[in-house]
Amino acid sequence: MKNLDYNWHSTDIAEVLSIMESDPTKGLDKNHVDKRREEYGSNILTPKAGESWYMLLLKQFHQPLVYILLIATAVVGLMGEWVEMFAILGVVLVNAVIGFVQESKAQKAIESLSSVSGGQATVIRNGIRQLINAEELVPGDIVVLQSGDRVPADIRLLNVKDLQIDESALTGESLPVSKEVALLTRDTVLGDRKNMAYSSSLVTYGTATGVVVETGDRTEIGKINDLISSADVLETPLTKKISRFSHVLLWAILGLAGITVVAGLIRGQALSEVFMEAVALAVGAIPEGLPAVVTITLAIGVSRMAQRRAIIRKLPAVETLGSTTVICSDKTGTLTQNQMTVQKILVGDSIINVLGSGYGPGGRFSVNGNEVNDENIPLLKEILIGGLLNNDSKIIEKQGEWTVEGDPTEGALITSAGKLGLVQDELHKSFPRLDIIPFESEYQYMATLNEKDGTKVAYIKGSVEKLLEMSDRALNENGEEVLLDKEKVHKIAELFAAKGLRVLAFARKEFGDDKDGIEHADIKDRVMFIGLQAMIDPPRLEAIEAVRTSQNAGVVVKMITGDHLITAVAIAEKLGIVEKNGTDAINKGINGAALEKMSEDEMKKATLKYNVFARVSPAQKLELVKYLQAQGHTVAMTGDGVNDAPALRQADIGIAMGISGTDVTKETADMVLTDDNFASIEAAVEEGRGVFDNLIKFITWTLPTNLTEGGVILIASIMGIALPLMPLQLLWINMTTAVFLGATLAFEKKEPGIMDRPPLPSGMALLSKSGIKRIVIMSGLLIGAVFMVYNVILNSGHSVEVARTGAVNMIVIGEIFYLFALRSLRYSAFKLGFFSNRYLIGGVLIMIALQLGMTYLAPMNLVFATSPLGLNHWILILGIGFTLYGFIEFYKSIFRKNGQSDS
């Protein structure tokens, strides 16, 4: 029995019991249990080892730019420059802490998944029924299931009694699945294996016994556990771009530092001076504030998204949303309302449209646009009464929301009756229930016996095929008895089903006064057919608009659902995911069974060709995401069940449902929707694009500073003149301006038309050619401005400390003017509203105050080797600043005239 590798759903019960050496009435004895526990272990999922905290911390220092700063720290320390050493080290440590805090929110998905398999199980051992811990189960155990039980292992069902199991967390099926014991074919997909009960699913109705065939890691939930751990945790587009950018910058800085060292040695400078110049160049050229500002910008994006019902769990996910090219969305509750709604009713020859959606009481009935009621069509009331009496569910209102307690299908019937003014409790009092035949998959109907106006009436609801088989007569619209046209009813039912509607048939049979109970034999024939009610979980109205907006923004929306293909395609048509035309559903979407038969190349093509994927397995969802990524897409994936977790982990951004989602999916996801609404995803994509825009603005703003500082040091070194800027002064400029100036760009509002442009390709460089050109031009202007101020002050008889103070202030003032110009890469600050970003105004005022302190306060003069400036120096610096601002605005206006952006 060692290697259990069977298709249990396609294996006969007798053979299953033989393989398991188990007796269906006595179960296993103690010897068998002990041996199998030793052989197969406990019925638990093996937790996967996570990354230790100290490895997470060390990873923060494994970055190209950090290497340079650490080397610079060591060099200045050896030279005895302790203030500079601790300042540089402080910057490194601050950035490391920020990264560590962000990444230490480690994945808890596997731990959450492991807890799913806990609880207790009722088993038969040695002929005795007993309650044990679920982890003690072994293959071959006979398990008893009843309503409310969590299925403790993978079980081949031996016998069932009205068994229904909620498998939504595992398969994505939105409604409870009726189970049976019949043998199935080998290629039956997971969601259709009705003779199996799988670990972690929930028994919602009925009872059953079955034999345990898989435990622990070998269960379907265990396979998902392995898929989660095997899925790649990908870098986001932003982290990839910053990583590439950092490597380029690393080599550029090392090259420039090398030139500085060589130039100094050739001139015969002391080694200590040469190293100090190289350190100054490295410190100046590295954008130390970049990690902090990126984190601040992303955090602001998190706050904005939270206001639009999207909670971000991992900061880089904010920007990833803006780069998304494909959204793979679940159907139920995300694109739809998760509220079954009756949309069509057939009575006699009339097909009635039912208006209104959800479980709320609002709505009416119409035929060809004309409102109708039971006065126009008397039989309408009768079919609604049948749906209300033959019903064990309730509709309740909680905090303004209408929800169903019980079966969603029965909830839809209660709501449709309410639209005619029928009240469930009042009707049950008027027509008391005397007996009931619960729904059984074997019979495919439910029946109740009610007392109505002094007579006993059985109301029956069930499958169209079964009720037509039982009926020989029907009622017309006026309630008159006529012959039943079964072929006509079949065609209309097929028409409803082709639109993705779930169809229920209704009938009744009257009995004499002496009838107090009902049995199957009483209604097997000669029943009166009443009509059909057809329902669907309708799309969210806001989701329709959100899908359209996403598509206009170049984002492809794909539906991946556990429901059947016809239903999925019908909803996709209403949402605009696929076109409405006469093409069959099979040509608009594809199901898991068809994907299973495809080669790798065929599946790659299918991922692009189809936008609807129905009844797919967890492994197939994972493959779909991987194939899309392999073809250059940035993929967002939504999900709520355990079966979605592997794909969510693999996706560039995993999105969990906050209301219906399991703990596993929430822990796996990068983002959680508080309202389970697709419209919130579209809103988050819009916010993500705004975040990326602001990050590009910051990088475009900060790099000229670093290039200016590096360029000034390099030129001074080559020319053999005193450094216009010292390392500590450079650190001051980089860190203070990044926080008080650059970070304020994160508060800029989204620019018009942000969702009218296509997403940026994930492989595209962080900066465009025109953006690089702009940075180089601004850097050149600032370098010229710094040398001008430095030389003017020095040549007018002032000390080198005063000249350096002027150079520092020139860079800061130049950055302030550049900041106002860069609030938009296209429009002028005046068009945006000069004071519309109050954080920017506040940051500028703080920065000016800090610079005045650095220039005029004695303690700061001592620390930073600065000296007070005169009024004529400030006039020169401010005059150059205004000139720089005018030049940048003129530069932008040229691009505006050509209909371009200079980003």
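The questions and answers below go through these topics in turn.

User: Happy to start with the ground rules. What kind of model is this, and what pLDDT do local features need?

Analyst: This is a predicted model, in which side-chain atom pairs count only at pLDDT 80 or more, totals for chains, interfaces and linings use all residues, and local features need pLDDT of at least 70. Residues are numbered from 1 along each chain as its sequence is written, and side-chain values use heavy atoms, with hydrogens and water left out.

User: Thanks! How many salt bridges does a search of the whole structure find?

Analyst: Side chains of opposite charge can pair when their charged atoms come close. Here a salt bridge is a side-chain nitrogen of Lys or Arg within 4 Å of a carboxyl oxygen of Asp or Glu. Searching the whole structure by that rule gives a count of 30.

User: Which residue meets Lys179 in a salt bridge, and at what N to O distance?

Analyst: Lys179 sits in the loop between β5 and β6, where helices (H or I, at least four residues) and strands (E, at least two) are DSSP runs, numbered from the N terminus. The partner of Lys179 lies in the loop between β4 (154-166) and α7 (168-171), so the pair ties together parts that are 12 residues apart in sequence. The side chains that meet are those of Lys179 and Glu167, with an N to O distance of 2.7 Å.

User: Is Lys179 buried or exposed, and what is its relative accessibility?

Analyst: Buried means under 20% relative accessible area, exposed over 50%, and partly exposed in between (1.4 Å probe, protein chains only). Glu167 is buried, with a relative accessible area of 1%. Lys179 counts as buried as well, its relative accessibility being 1%.

User: How far apart in space are Lys179 and Val160, C-alpha to C-alpha?

Analyst: Along the sequence, Lys179 and Val160 are 19 residues apart. In space, their C-alpha to C-alpha distance is 7.1 Å.

User: Which residue pairs with Asp349 in a salt bridge?

Analyst: Asp349 counts as exposed, at 57% relative accessibility. The N to O distance in this salt bridge is 2.2 Å. Asp349 is in the loop between β10 (341-347) and β11 (350-354), and the pair links distant parts of the chain, 139 residues apart. The partner, in helix α17 (residues 486-498), is partly exposed at 31% relative accessible area, and it is Lys488.

User: How many residues apart in sequence are the parts tied together by Asp516 and Lys456?

Analyst: The side chains of Asp516 and Lys456 meet in a salt bridge at 3.3 Å, N to O. Asp516 is exposed, with a relative accessible area of 56%, whereas Lys456 counts as buried at 6%. Asp516 is in the loop between β21 (502-511) and β22 (527-536) and Lys456 is in strand β18 (residues 455-462), so the parts tied together are 60 residues apart.

User: How many of the residues of helix α14 are buried?

Analyst: Helix α14 covers residues 408-418 and is largely enclosed by the rest of the structure. Among the buried residues are Pro408, Glu410, Leu413 and Ile414. Of the 11 residues in α14, the number buried is 10.

User: What lies at the start of α14, and which backbone nitrogen does a side-chain oxygen reach there?

Analyst: At the start of α14 we find Asp407. A side-chain oxygen of Asp407 comes to within 2.6 Å of a backbone nitrogen, that of Thr409.

User: Which backbone oxygen does the side chain of Lys588 reach?

Analyst: Lys588 is placed in the loop between α19 (565-575) and β24 (590-591). Lys588 is buried, with a relative accessible area of 8%. At 2.9 Å, the side chain of Lys588 reaches the backbone oxygen of Glu579.

User: Last one: near what value is phi of Gln444?

Analyst: Most residues other than glycine have a negative phi. Gln444, in the loop between β16 (433-440) and β17 (445-452), counts as partly exposed at 35% relative accessibility. Glu21, in the loop between α1 (13-20) and α2 (30-40), has a positive phi near 55 degrees. For Gln444, phi is also positive, near 65 degrees.

Note on methods
Polar contact = N/O pair within 3.5 Å; in protein donor to acceptor, adjacent residues only side chain to side chain.
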